[in-house]
Amino acid sequence: MDSLLDQSSLFLQQLVNGITLGGVYALIAVGYTMVYGVIQLINFAHGEIYMLGAFLAYTMVTLLGLPFFAAFILTILICACFGVILDVIAYRPLRNAPRLAALITAIGMSIFLQNLALMIWGSQIKSYPREILPKIFYQTAWSLGEATLSWLQVFILVVTVVSMAILHLIIHRTRIGTAMRAVSLDKTTSALMGIKVNRVISFTFAIGSAMGGMAGILVGLYYNAIFPTMGYIAGIKAFAAAVLGGIGSVPGAMLGGGVLGIAEVIGAGYLSSEYRDGISYAVMIAVILFKPSGLIGRQIGEKA
Amino acid sequence: MKRTALFMLVASVFLSGVAWADSTIKIPVAAAFTGQLASFGEGIKNAAILRGEEINADGGINGKKVQIVLEDELCDPKEAATVATKLANDPEVSIVIGHLCSSASLAALPIYRDAKLPAISPASTNVNIGKMSPFYFRNVYKDDFQGLFLARYAKLARGFDTVAVFYEVNDYSMGLMTAFMKEAKKLGIKVLGTEAYTSDTTDFKPQLTKFKMMKPDAIFIPGYAPQGTLIMSQARALGMKNVAFFGADGLDDDLMLKNPDAEGLFVTTPFLPDKAGPQAAGFIAAYKKKYGKEPNWFAANAYDGVGLAAQAIATVGEDRVKIRDYLASLNSKKKAYKGVAGNTYFDANGDCLKDAFVKEIRNGRWVSAEKQLQ
Amino acid sequence: MMDLKKLQKNPRLFFLCLFFLAVLLPWLPMGGSTNYVIRVLTTAVLYMVLALGLNIVPGFTGLLDLGYVGFYGIGAYTSGLLAIHYNMSLWLILPLAALNGAIWGILLGAPTLRLTGDYFAIVTFGFSELVVLVIRNELWLTRGPMGLPGIPPPTILGHPLTRDWEFFYLILFLLVIVLAVVTRLHDSRVGRAWFAIREDEIAAQCCGVNLIRYKVTAFAVSASIGAMAGAFYAKWFKFIHPDMFKFWESILILCLIVFGGMGSIAGTMLGALILIPLSEVLRAVLPQSMFSARYLIYGLVLVLMMRWRPEGLIPFERAQARKAWQAKERLGL
């Protein structure tokens with residue numbers, strides 16, 4: 001009896017772990033999916049914006065002594081600006097160049113930013129001193145048997161869901177959102193209809209980067225580990241999540257993030273922790289090969 | 001223009017090799033001074049520089065000044081091989097102190113062997129290293145000894161009956177785990193489960209959740225400090241309040257002290273300031289004065305390594321093969337080099353047998369554990 | 001810049017001169033640093049071979065292959081394991097490693113090559129990460145993170161190679177073979193089909209080019225060159241480790257061909273010849289804390305080249321990439 005109870009609370013705990021991880025993946029995946037939807041580019045540097053978000057918040061809180069929530073808002077704004085700058089200096093000049101050129105630029109930017117962070121902050125893992133953060137984060141919000149949910153996890157989930165909802169509203173209820181959808185369908189026609197295409201693309205970068213930066217802060221808090229290469233693996237997994245959900249679709253990113261997070265945690269918990277990262281790669285490859293439109297995405301044609 | 005640039009390039013590579021022609025003795029120290037494991041390299045760097053200054057203050061070796069040259073290889077086997085080639089082909093180099101990580105040592109070792117250049121590693125504990133080259137020595141114990149020691153200590157001094165092992169997928173961690181499990185079986189410690197992580201893992205919760213349900217007395221982390229500190233925090237956050245944690249010398253890092261969840265952690269170490277003999281007192285005081293903190297075991301071994309190299313050069317001169325033969329001749333307790341981290345003498349493989357100590361974190365500071373095992 | 005123009009017109013002469021210089025190199029008086037220089041140049045030539053191999057996919061067919069290092073790793077481990085367990089001769093190992101690379105290339109290429117650019121890039125990336133993961137975790141085969149130490153050196157006519165210049169000549173010999181193969185392919189019917197695919201897939205298909213067949217061929221050739229370079233690497237280093245085949249390597253090699261001129265054989269080689277020794281120069285010049293961030297420069301090279309000189313140092317001669325590029329820009333395509 002006892003072991004059965006243990007088994008079920010083990011599963012419940014793993015589910016909680018997986019959903020939290022999935023929420024974070026979803027936040028990053030949104031940035032990939034939106035940019036891809038609008039300019040059909042895998043923005044490899046997105047993972048680095050996530051990493052910068054984590055570092056910026058960390059620096060503001062520990063070095064400048066800002067209260068956590070102020071740093072949270074400020075970091076998101078900086079990341080949004082950063083996304084716009086990235087687009088303007090790196091991608092915009094290549095808008096009409098072959099796609100290979102933009103893709104290589106994206107990889108180059110990603111490596112550049114990662115090493116820039118390495119130069120500024122060093123390669124050691126940074127952690128928040130516990131006394132700096134709000135105490136409530138470390139208290140248990142809810143527990144059942146052996147399974148627990150901390151307030152920090154609640155905070156992450158709430159932030160994820162709320163920001164996704166806001167994003168959904170922006171895309172479907174505002175003028176700029178309509179413009180974004182138009183640009184993603186047909187850039188040239190949108191331009192002819194009077195939409196300022198570059199402005200819309202910059203806005204997309206801003207929103208995507210803000211979400212990415214936010215994910216960075218949350219992950220920095222959750223695992224309490226901030227380091228220059230953190231964007232690389234998380235970025236690829238989030239991309240896998242975006243692909244799984246159907247690239248270009250925001251609800252898809254959320255669904256994909258959730259499924260991938262749970263799959264990874266359950267895989268690591270029940271199958272083999274050695275191949276944990278392989279689970280995301282394998283899922284990504286399988287989806288691209290067999291169902292490139294993802295779970296709820298639109299079909300991608302020969303020349304998407 | 002490109003042709004000129006190319007020429008300049010080749011010329012600069014070439015010039016950098018011959019720039020230092022002086023009446024000094026070069027002792028290169030190859031380890032990771034930047035990168036993730038830089039905090040390990042720091043102790044090595046500090047102590048080597050300290051020893052170099054002390055030797056020079058005493059008049060150098062046979063009247064020549066010692067110059068400590070730092071070579072950064074980031075613990076990357078490829079970088080280690082390039083650095084090793086550079087050193088092997090430098091006629092002024094007659095002995096190397098290095099490398100730090102075992103994988104770097106394994107990559108550098110064939111190059112030193114071919115160049116007949118002796119090297120003393122202050123920190124590579126992988127079991128295989130010694131057998132592979134007659135020119136590679138180390139003044140640190142091997143993983144099989146350390147793992148065995150930990151198993152005995154866990155059972156005999158702490159009375160653990162059930163243990164879970166959380167290892168990193170690398171040579172160091174897996175070598176330790178294998179040795180630990182072998183001895184644990186003999187002693188009747190039940191290993192409830194083993195789980196893996198990699199150096200870029202930050203989410204340890206799925207594996208820890210599994211351990212939580214197994215309810216072991218203790219979790220053994222044969223890994224490095226950057227991950228070790230995260231594991232302990234995440235375990236506490238999952239509500240694992242009563243389980244004990246222990247590790248090996250990879251967790252012996254001041255990084256652990258910043259983490260309030262690491263309270264009670266105990267680790268093996270080759271060197272303990274307050275258990276070291278009287279010969280170490282001067283070193284500890286000088287190190288504290290110069291760097292403002294206590295030396296760790298990396299520092300102690302590097303200090304001894306430079307000292308041993310200096311003694312060898314003073315005795316037989318700057319000939320590579322003669323230095324090797326001299327080091328190999330230190331093969332019994334009587335002939336041992338008496339350093340700050342105990343006596344160093346080598347077996348036929350160039351490995352050495354040293355004592356291990358246990359230290360633990362109490363009130364946010366490293367202190368030697370009350371129970372030691374000899 | 002005069003020299004660069006001449007170089008573009010007649011790269012063959014330049015490389016011939018360079019080749020003779022290379023042959024003479026071990027005998028040039030360089031004092032104590034001869035072996036160090038030779039080792040660095042051996043690395044540079046190894047990367048020339050690797051870059052020539054990778055160039056076939058993004059350069060000739062226009063598909064971004066981010067998984068090249070996977071084949072490099074497969075080749076290295078094939079070579080290391082065959083040498084340790086069967087003590088096989090180098091002349092047997094090289095073709096076997098190339099064959100193994102080609103098999104994996106076809107296995108990966110056949111299902112994935114119908115994907116469009118970005119998806120193809122990401123799948124190849126996933127593949128190379130999976131290769132490293134398997135190498136790392138299948139201890140029974142690869143000894144995983146313990147690495148594979150003690151690989152015996154290659155022997156030629158019963159004489160084991162140990163000196164640096166012997167390996168330098170060996171890799172130079174490999175380069176000549178690979179260069180011959182690549183140049184032949186470049187000027188052949190296969191090469192023309194590849195360029196057609198790169199310029200316009202749909203048009204090529206309409207002209208009767210079997211897309212999948214030619215793409216898979218390109219992928220297989222590229223993979224086997226990568227695997228062969230890996231085989232040499234294992235024999236040269238005598239120790240291999242999963243960390244040596246990380247994603248960074250793919251980026252580095254990509255950077256070489258982007259810098260030199262994507263699609264251009266001469267450019268690819270020049271890129272390797274400049275950027276690989278550069279890292280050693282940086283080691284001497286940069287302070288330690290900056291050296292570990294030297295990849296920053298490679299990232300910057302990728303970005304700046306794409307922005308200002310997308311055709312590289314030595315542009316691909318046949319298609320006059322820049323002109324086509326500008327024409328496309330004018331048309332707003």
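Two residues are in contact if their C-beta atoms, placed from the backbone, lie within 7 Å. This is a predicted model, in which local features need pLDDT of at least 70, side-chain atom pairs count only at pLDDT 80 or more, and totals for chains, interfaces and linings use all residues. Residues are numbered from 1 along each chain as its sequence is written, while chains are lettered from A and ligands numbered from 1 in the order in which they are written.

**View 1. Chain C meets chain A.** In this interface, 38 residues of chain C are in contact with 34 residues of chain A. Five helices of chain C each give two or more residues to the side touching chain A: H5 (90–112), H6 (117–137), H12 (247–260), H15 (295–308) and H16 (321–331). Helices (H or I, at least four residues) and strands (E, at least two) are DSSP runs, numbered from the N terminus. H6(C) supplies the largest share of this side, with 11 residues. The residues of this side of chain C split into 24 nonpolar, nine polar and five charged. Here Ala, Val, Leu, Ile, Met, Phe, Trp, Tyr, Cys and Pro count as nonpolar, Asp, Glu, Lys and Arg as charged, and the others, Gly among them, as polar.

**View 2. Confidence along chain C.** pLDDT is the predictor's confidence in each residue, from 0 to 100. Chain C has a mean pLDDT of 85, and 89% of its residues reach 70 or more. Within chain C, helix H4 (residues 68–86) has the highest confidence, at 94, and H16(C) the lowest, at a mean of 54. The model scores ipTM 0.85 and pTM 0.86.

**View 3. An open sheet in chain B.** Seven strands line up in the order E7-E6-E8-E9-E10-E13-E14 (chain B), with mixed pairing. Two strands pair if DSSP finds at least two bridges between them. Strand E7 (190–197) and E14 of chain B are the edge strands, and each pairs on one side only. From one strand to the next, the twist averages 25°. Helix H7 (residues 171–187) of chain B packs on the sheet and touches strand E6 (162–168), E7 and strand E8 (218–221) of chain B. The direction of H7 makes about 165° with that of E6(B). Axes are lines fitted to C-alpha atoms, for helices over the stretch in contact, and angles run from 0 to 180 degrees between N-to-C directions.

**View 4. Strand E13(B) and its partners.** E13 (residues 357–362) of chain B runs antiparallel to E14 (residues 365–368) of chain B, and four bridges join them. B:Glu360 stands opposite B:Val367 in E14(B). The hairpin of E13(B) and E14(B) has two residues between the strands, and B:Asn363 takes a positive phi near 50°. Strand E10 (residues 266–269) of chain B also pairs with E13(B), in the antiparallel sense over four bridges. There, B:Phe266 has B:Glu360 as its bridge partner.

**View 5. Two helices cross in chain A.** The axes of H5 (residues 151–173) and H6 (residues 175–185) of chain A come within 5 Å and cross at roughly 75°. H5(A) is therefore roughly perpendicular to H6(A), a term for angles of 65 to 115 degrees. H5(A) makes the contact through A:Ile170, A:Ile171, A:His172 and A:Arg173, and H6(A) through A:Gly177, A:Met180 and A:Arg181. By class, this contact has three nonpolar, two polar and two charged residues.

Definitions and conventions. Angles under 35 degrees count as roughly parallel, over 145 as roughly antiparallel, 65 to 115 as roughly perpendicular and the rest as oblique.
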